Amino acid sequence: MQRAIALKIKKSVPLIASEVAPLWTGYLGDSMANSVLRYFLATVEDREVKTVLKYACSLTEEHMGFKDHLFQRESLIPPQAFSDQDVNEAAPKLFSDTLMLHYLKQMGTAGMVAYALALTSASRVDIRDFFNHNLKTAAELSEKATTLMLEKGIWVKPPHLTPPQSTEWVHKESWINGLLGDRRPLNAVEITHLFLNVASNALGKAIMMGFAQVAVAQDVKDFAIRARDISSKHIEVFSSTIKDDDLPVPTTLEAEVFDSVASPFSDRLILFHTLSLAATGIGNYGTAAAASPRRDLAITYLRLMAEVGTFADDGAELMIKKGWLEKIPGALERDALIHS
């Protein structure tokens with residue numbers, strides 16, 4: 001796949017901004033994921049989970065291999081990727097095999113969202129082929145993880161609903177209000193987003209618990225603790241809304257974090273990973289707000305999204321303070337050129 005796509009590269013057709021963005025940021029994300037997966041592979045015990053981990057790890061290596069070749073051909077300086085210096089595969093086991101499987105499923109889901117967006121804004125045939133291939137393999141990763149979770153009985157599916165007996169139409173504005181008076185039950189779309197956001201926050205909280213235990217610098221440790229507390233609060237907000245309609249909520253994953261305090265990851269990787277999860281959460285909340293007709297839900301999502309946005313902004317400032325925030329390629333600073 002990598003060689004076939006590389007042969008299609010035409011240097012006479014420069015990369016456009018919407019191609020550079022996912023390639024450049026994706027390189028950092030792949031190198032981060034590769035470091036995490038290598039540590040997981042060194043500590044996993046379940047052979048079936050290990051098989052899926054190997055598949056996921058091979059995808060990150062394939063992605064970085066193609067981008068290395070592309071960046072060289074395009075004379076584009078790649079970002080400072082995460083490397084052997086950012087992962088200690090000999091560190092004691094921090095996360096259970098169950099959490100690793102949840103991580104793989106979320107990784108596949110995030111990949112599908114990212115590559116679908118990248119594909120729609122790409123122009124060059126080699127880049128479109130690359131994103132299309134990655135979209136398919138991300139879906140395959142999600143499928144492998146979901147199948148194994150179902151086989152092991154560790155995936156709590158969204159609840160069953162009683163199907164309506166006839167077509168129903170909305171006749172009262174109160175159906176979308178949700179703020180005062182009688183509040184209608186959640187519909188299937190709203191249940192889905194609430195359920196998925198509980199699940200993603202449950203995984204995020206568990207990861208942050210582990211990061212808080214092993215981070216070396218106190219400010220990075222404090223930032224992970226803050227992320228843990230935000231996730232815990234958001235789980236409660238979403239869960240209480242689901243429970244109001246006597247529906248079940250996903251299980252949390254706190255018990256899947258072990259008591260090791262020896263860090264498998266550098267503080268730079270921990271901070272970058274934390275901000276990546278925050279960015280994913282903001283995207284999830286925005287999608288949920290747009291898809292939820294009940295106004296109270298939309299307001300809740302927007303309020304929580306603003307909280308995560310403030311958190312992410314503080315994280316970016318911490319990255320700058322530590323010299324870890326690399327500039328993404330962008331437009332020329334014309335004023336700087338004029339006054340140079």
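Predicted model: local features only at pLDDT ≥ 70, side-chain atom pairs only at ≥ 80, totals over all residues.

Student: Ok, how many residues does α3 have, and how far does it reach?
Tutor: Helix α3 covers residues 47-74, which is 28 residues, and from its first C-alpha to its last it reaches 41 Å, close to the 40 Å expected at 1.5 Å a residue.

Student: Which residue caps its N-terminal end?
Tutor: The N-terminal end of α3 is capped by Asp-46, which has a side-chain oxygen 2.8 Å from the backbone nitrogen of Glu-48.

Student: How do α3 and α5 cross?
Tutor: Helix α5 spans residues 125-152, and its axis comes within 10 Å of the axis of α3, with a crossing at roughly 170 degrees. Angles over 145 degrees count as roughly antiparallel, and therefore α3 and α5 are roughly antiparallel to each other. The residues of their contact divide into twelve nonpolar, four polar and eight charged.

Student: Switching to α2 and α4, at what angle do they cross?
Tutor: Helix α2 (residues 17-43) and helix α4 (residues 97-120) cross at roughly 165 degrees, and their axes come within 12 Å. That angle makes α2 roughly antiparallel to α4.

Student: Is that crossing left-handed or right-handed, and which residues make the contact?
Tutor: The crossing of α2 and α4 is left-handed. On the α2 side the contact includes Ala-33, Val-36, Leu-37 and Phe-40, while on the α4 side Met-100, Tyr-103, Leu-104 and Met-107 are among the residues involved. By class, the residues of this contact divide into eleven nonpolar, one polar and two charged.

Student: Now α8 and α9, are they roughly parallel or antiparallel?
Tutor: Helix α8 (residues 218-243) and helix α9 (residues 267-291) pack at an angle of about 25 degrees, with their axes 10 Å apart. Angles under 35 degrees count as roughly parallel, and α8 and α9 are therefore roughly parallel to each other. As for handedness, α8 passes α9 in a left-handed crossing.

Student: Which residues are in that contact?
Tutor: From α8 the contact is made by Val-220, Phe-223, Ala-227, His-234 and Phe-238, and from α9 by Asp-267, Ile-270, Leu-271, Thr-274, Leu-275 and Tyr-285.

Student: And by class, how many are nonpolar, polar or charged?
Tutor: The contact of α8 with α9 has eight nonpolar residues, two polar ones and one charged.

Key:
Residues numbered from 1 in each chain as written. Heavy atoms only, no water. Helix = DSSP H or I, 4+ residues; strand = E, 2+ residues; numbered from the N terminus. Expected span 1.5 Å × (residues − 1). Polar contact = N/O pair within 3.5 Å; in protein donor to acceptor, adjacent residues only side chain to side chain. Axes fitted to C-alpha atoms, helices over the stretch in contact; angles between N-to-C directions. Parallel < 35°, antiparallel > 145°, perpendicular 65-115°, else oblique. Left-handed = near helix turned anticlockwise from the far one by under 90°. Contact = heavy atoms within 4.5 Å. Nonpolar A, V, L, I, M, F, W, Y, C, P; charged D, E, K, R; others polar.
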